[in-house]
Amino acid sequence: MITASQKKRDNIAEYLLYMWQIEDLIRANGLDIDKIRANIIDKYSALTPAQRKEMEEWYESLIDMMRREDVAEKGHLQLNKNVIIALDDLCRRLLANPKYSAFSNLYYATLPYIVELRAKAGEEKPGEIEACFNALYGVLMLRLHGREVNEQTKTAVADIGKFLATLSMYYKQDFNNELEL
């Protein structure tokens, strides 16, 4: 919760990946606040009682949302989908503005990876921005489990990461009304 708030302000891409990880942590704990308290919240020994209560309430609200939105087993919360929608919208606005030709170049350099990712997705093809996040999250999960990532995937993920980092930078500027579109 504290980490999520900071990431949301500083880097929306890191925030979204973090929130996807939180969704998976909640699922891994069976959407059970007692397990989350024991396995996650209790690990934060430096929390004040007020911070601890706030963190517990945050997890409880996420659990409730996951149940109501029927994403207890898979999928993403609407609040996380809204981030992708906002990033997708911003991406389209940047691509339409000739002032951001460097961003367009970065997008088109990444596009072959995006097309390949979407082709591998099966019938439920994600949008372009979501496909990029799926790739980064997938590699993050592989690395967390100690699995190797081949060179081709490393190259693709590095390029996708640069693209999303740039989009995140523009998102922050847009959020702060500093972007001239």
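Some ground rules. The model is predicted, so local features need pLDDT of at least 70 and side-chain atom pairs count only at pLDDT 80 or more, while totals for chains, interfaces and linings use all residues. Residues are numbered from 1 along each chain as its sequence is written, and side-chain values use heavy atoms, with hydrogens and water left out.

Overall picture. The protein chain has eight helices and zero strands. Helices (H or I, at least four residues) and strands (E, at least two) are DSSP runs, numbered from the N terminus. The C-alpha trace spans about 50 × 40 × 30 Å along its principal axes. Of the 181 residues, 37% count as buried. Buried means under 20% relative accessible area, exposed over 50%, partly exposed in between, with a 1.4 Å probe and protein chains only. Now contacts, meaning heavy atoms within 4.5 Å. Among those with a separation of 6 or more, residues 24 or more positions apart account for 65%.

Next, the core. The largest nonpolar core has 53 residues. Such a core is a set of buried Ala, Val, Leu, Ile, Met, Phe, Trp, Tyr and Cys residues joined through side-chain atoms within 4.5 Å. Ile 26, Tyr 59, Ile 129, Phe 133, Leu 164 and Leu 167 have the most contacts inside this core. Helices H2 (12-28), H3 (33-39), H4, H5 (78-96), H6 (101-120), H7 (128-144) and H8 (151-175) each supply at least two residues of this core. H2 gives the most, with ten.

Take Leu 167. Not counting residues up to four places away in sequence, Leu 167 touches Leu 87, Leu 90, Cys 91, Leu 94, Phe 103 and Ile 129.

One place on is Ser 168, also in helix H8. Is Ser 168 buried or exposed? Ser 168 is buried, with a relative accessible area of 3%. Leaving aside neighbours within four places in sequence, Ser 168 contacts Asn 11, Ile 12 and Ala 13.

Now H5. Its 19 residues reach 27 Å from first C-alpha to last, close to the 27 Å expected at 1.5 Å a residue. That expected span is 1.5 Å times one less than the number of residues. Which residues of H5 are buried? They are Asn 80, Val 83, Ile 84, Leu 87, Leu 90, Cys 91 and Leu 94. These cover an arc of only 125 degrees around the axis, so they sit on the same side of H5. The arc is taken from the directions from the helix axis to the C-beta atoms. H2, H6, H7 and H8 are among what covers them. The face turned away from that buried side carries the exposed residues Ile 85 and Ala 96.

Compare H4, residues 49-68. H4 has 20 residues and reaches 28 Å, close to the 28 Å expected. Its buried residues include Trp 58, Tyr 59 and Leu 62. Just after H4, Asp 70 takes a positive phi of about 55 degrees.

Of its 26 lining residues, Leu 117, Ala 121, Pro 126, Ala 131 and Asn 134 are the closest to its centre. H5, H6, H7 and H8 each supply at least two lining residues. On terms: on a 1 Å grid over the protein atoms alone, a pocket is an open set of points where a 1.4 Å probe fits, with protein on both sides within 12 Å along at least five of seven lines, and lining residues have an atom within 4 Å of a point.
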